[in-house]
Amino acid sequence: MQNFYGKVISNVGLVAALGLMVAVSLESCKPPVTPPKAEITVLDSNGTAISEAKIVVFCVQRPDVAVECNVADTQFTDGVGKADFEFENPSVLRVFIEKYNTVERDTGEGPDIGTIVTGDTLCAEGFITLETSEVTEETFVLGACEID
């Protein structure tokens with residue numbers, strides 16, 4: 001009888017060890033949770049990348065949510081028209097992009113010096129949705145700014 005109980009205890013220990021190994025191996029297979037990221041590309045109407053465009057990303061406070069919305073970031077695009085953002089939580093963010101496409105020239109001489117600014121300011125705006133462990137890629141095309 002003692003031999004029977006010894007085998008039962010041995011088998012229960014073996015099953016518990018196998019269960020623990022399976023649980024550990026399944027847990028290690030889950031991908032790590034990473035913060036949401038956004039990769040924004042800015043182009044002109046011809047499809048050419050725009051460098052040094054100012055990108056402002058911010059959340060919009062929803063009236064039905066009590067928690068204050070305080071997410072914002074500003075970056076400039078690199079030489080290939082891209083900017084990368086990383087945030088702590090998933091969210092829907094508003095994006096506003098502007099590029100000053102202007103030239104300033106001094107006019108006059110002596111005490112009558114002035115400056116003339118010629119050119120256009122280009123803009124784009126929209127929304128991006130960020131999800132946990134995902135990189136959201138969005139492309140914006142700049143056009144003439146709309147004056148409200």
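**Note on a predicted single-chain model**

1. Surface patch. Val60, Val92 and Phe127 make a nonpolar patch on the surface, and together they have about 280 Å² of accessible area. Patches are built from residues with over 30% relative accessible area and no salt bridge; nonpolar side chains (Val, Leu, Ile, Met, Phe, Trp, Tyr) are joined within 5 Å, like charges within 9 Å. Accessible areas come from the Shrake-Rupley method with a 1.4 Å probe, and for residues only the protein chains shown count as cover. Valine 60 sits in the loop between β2 (54-59) and β3 (72-76). Its relative accessible area is 46%, so valine 60 is partly exposed. Buried means under 20% relative accessible area, exposed means over 50%, and partly exposed is in between (1.4 Å probe, protein chains only).

2. Basis of the model. This is a predicted model: local features need pLDDT of at least 70, side-chain atom pairs count only at pLDDT 80 or more, and totals for chains, interfaces and linings use all residues. Residues are numbered from 1 along each chain as its sequence is written, and side-chain values use heavy atoms, with hydrogens and water left out.

3. Overall build. The protein chain has one helix and eight strands. Along the sequence the pattern is α-β-β-β-β-β-β-β-β. Helices (H or I, at least four residues) and strands (E, at least two) are DSSP runs, numbered from the N terminus. Of the 148 residues in the protein chain, 22% are buried.

4. Largest pocket. What is the volume of the largest pocket? About 430 Å³. Strand β5 (residues 91-107) gives the most to the lining, with three residues. The lining divides into 11 nonpolar, four polar and three charged residues. For these classes, Ala, Val, Leu, Ile, Met, Phe, Trp, Tyr, Cys and Pro count as nonpolar, Asp, Glu, Lys and Arg as charged, and the others, Gly among them, as polar.

5. How the pocket is defined. On a 1 Å grid over the protein atoms alone, a pocket is an open set of points with protein on both sides within 12 Å along at least five of seven lines; lining residues have an atom within 4 Å of a point. Grid points are joined across faces, edges and corners, and a volume is the space filled by probe spheres set on the points.

6. The whole structure holds three salt bridges. A salt bridge is a side-chain nitrogen of Lys or Arg within 4 Å of a carboxyl oxygen of Asp or Glu. Glutamate 86 pairs with lysine 37, with the closest N and O atoms 3.9 Å apart. Glutamate 86 lies in strand β4 (residues 82-86) and lysine 37 in strand β1, so this pair ties together parts that are 49 residues apart in sequence. Lysine 82 pairs with glutamate 39, and here the closest N and O atoms are 3.3 Å apart. This pair also links distant parts of the chain: lysine 82 is in strand β4, glutamate 39 in strand β1, 43 residues apart. Relative accessibility is 34% for lysine 37 and 32% for lysine 82. Glutamate 86 has a relative accessible area of 49% and is partly exposed.

7. Arginine 94 and glutamate 125 meet through their side chains in a salt bridge (2.3 Å, N to O). Arginine 94 is in strand β5 and glutamate 125 in strand β6, 31 residues apart. Arginine 94 is partly exposed at 24% relative accessibility. Glutamate 125 is partly exposed too, with a relative accessible area of 48%.

8. Contacts across the sequence. Threonine 121, in strand β6 (residues 114-130), is 23 residues from glutamate 98 in sequence and 6.9 Å from it in space, C-alpha to C-alpha. Aspartate 73 belongs to strand β3. Its C-alpha atom is separated by 5.3 Å from that of valine 57, 16 residues apart along the chain.

9. Most residues other than glycine have a negative phi. Which phi value does glutamate 52 have? It is near 60 degrees, a positive value. Glutamate 52 is in the loop between β1 (37-43) and β2. Serine 133 has a positive phi near 65 degrees and lies in the loop between β6 and β7 (135-141). At 38% relative accessibility, serine 133 is partly exposed.

Key
1 Å grid on protein atoms, 1.4 Å probe; cavity = no way out; pocket = protein on both sides within 12 Å on 5 of 7 lines; lining within 4 Å.
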